[in-house]
Amino acid sequence: MERNQLRRQVALTRQSLFDQGFLDDQFIQLEDLQDDANPNFVEEVVTLYYRDSARLINNIEKALSVYNFLSFPSLLDFLVQQHFYIGAKKVKAECTLFREYCRAGNGEGCTRTFQQIKKEYATLKGKLEAYFQVLFHLMLPLSSLISQ
Amino acid sequence: MAAVATETQFHVLAVDDSLIDRKLIERLLKTSSYQVTAVDSGRKALEFLGLNGDDEHGDSSPSSVSPDHHHQHMEINMIITDYCMPGMTGYDLLKKIKESKYFKDIPVVIMSSENVPSRINKCLEEGAEEFFLKPVQLSDVNKLRPHLMKGRCKEEDQPSSRGKLWRKLSTLLAEQDQDTTRAWKWCYPNSFPISNLPFLNRFDTTGSKKI
C-alpha cells in the first residue's frame, strides 16, 4: 500500500534526525508526552521553541554587534535552555561552545561560533518543519512511526 | 464520623514565566493525573492562593484587613515554581508561602535550569521539598507523589469526633470540683464512667485504650 510506504518513509526521516545527531533523547521525552488527547503537543512545543530561539538569537546578534559581552550570560543560559527542551543536539553543542568563548572573552571565537549556531538552528528548523508538514499531511499518529 | 479518604485529584500550582516551560510542566503533571493551574509570576501565584500583600503574617490585627476583604483560600496540594523569574523569584515565593499560616505546610518544589549547589541548599533550607533541574522529566514528577500523599495522610490523622468528645468530657470532669462530683454520684450512683476521672484517663483522645 502506498500509505504504508509513506509511513515507512516518514519513520525513516524521523530516525535519521536522531542518527544524524540533530535530535537527542529529550525529543523522545516530548513525544512520550503526546497522546490522543494532546495530538499536537510536540509540534506546539517546537513552535514555541522557534519563537523563543528566534528572539534570543536576535538579541544576541544585537549584543554582538556592539560587543556587549556582559549581557551574554543570561541570554546564553536562556538560549542553551531552549535547545535542551526539544533535544536540539547540534545547536546545543554550538551554544555551549559559544558560551565558553564568551566567558574567555574571545571575540572572534564568539562571532564564528555564533554564525555556526545560526546555521545549525536554521538547518534543524528546516528539517523539523518538513517532518511536521509530512506528518500533518499524512495525519499519521506518532505511534505508527516509532518502531518498538 | 471519621475523615473519609476521597479519591479527589491532587491540585498543583505551577509557576513559571516562560511559556514553553509552563507548557511542559503542565503536560508532565497532567500525564501523572494531577489537576494543574499554571501562572506566569510569583505575584499571580500569591493572588491565586488568596495571599494578597502582607496580611498573612502570624496573627494580624483585624484592623489591618479591610472589612469586606474576603480570603478565598484555594485548595492546593503542592506548588512547583521556577527559580529565575523577573520580579519575585521562586525563592521569594517560597519564603512568602512558608511565612503564611495557611500555606506553610504545602510542599513547594523549585525548578531551575542551572545546577548551582548554593542555590539548591538555600532553597532546601528554606523548606523546599525538592529541587528539580530543567528540563524536568517524568521521573522527577514521579518523585512528587510521596510528598503529596504525606500531606493527605496528615489530614486523616486528625482526631475523630469521638476522640473530641472524650477530650471534652475529661476536661469537664477535671474542672469539676469535689462537691459537684460527690453530689452527682449521690444522685446518679450508676453513672460510673462520667464521674470517674481515673477511669476516663485510661483512654486516649481517640477513644482507644491506652497501654
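Colleague: What should I know about the model and its numbering?
Modeller: This is a predicted model, in which local features need pLDDT of at least 70, side-chain atom pairs count only at pLDDT 80 or more, and totals for chains, interfaces and linings use all residues. Residues are numbered from 1 along each chain as its sequence is written, chains are lettered from A and ligands numbered from 1 in the order written, and side-chain values use heavy atoms, without hydrogens and water.

Colleague: At what angle do H2 and H3 of chain B pack?
Modeller: Helix H2 (residues 42–49) of chain B and helix H3 (residues 90–99) of chain B pack at about 20 degrees, with axes 10 Å apart. H2(B) is therefore roughly parallel to H3(B) (an angle under 35 degrees). Helices here are DSSP runs of H or I, at least four residues, and strands are runs of E, at least two.

Colleague: Which residues meet there?
Modeller: B:Gly42, B:Ala45, B:Leu46 and B:Leu49 in H2(B) meet B:Leu93, B:Lys96 and B:Ile97 in H3(B), where contact means heavy atoms within 4.5 Å.

Colleague: Changing topic, which annotation covers B:Asp82?
Modeller: An unreviewed UniProt entry gives "modified residue: 4-aspartylphosphate" for B:Asp82; such annotations may be inferred rather than shown by experiment.

Colleague: Is B:Asp82 buried or exposed?
Modeller: B:Asp82 is buried, at a relative accessible area of 5% (buried is under 20%, exposed over 50%, with a 1.4 Å probe and protein chains only). B:Asp82 lies in strand S3 (residues 78–82) of chain B.

Colleague: How many helices and strands has chain A?
Modeller: Chain A has six helices and zero strands. Of its 148 residues, 45% count as buried.

Definitions and conventions
Axes fitted to C-alpha atoms, helices over the stretch in contact; angles between N-to-C directions. Parallel < 35°, antiparallel > 145°, perpendicular 65-115°, else oblique.
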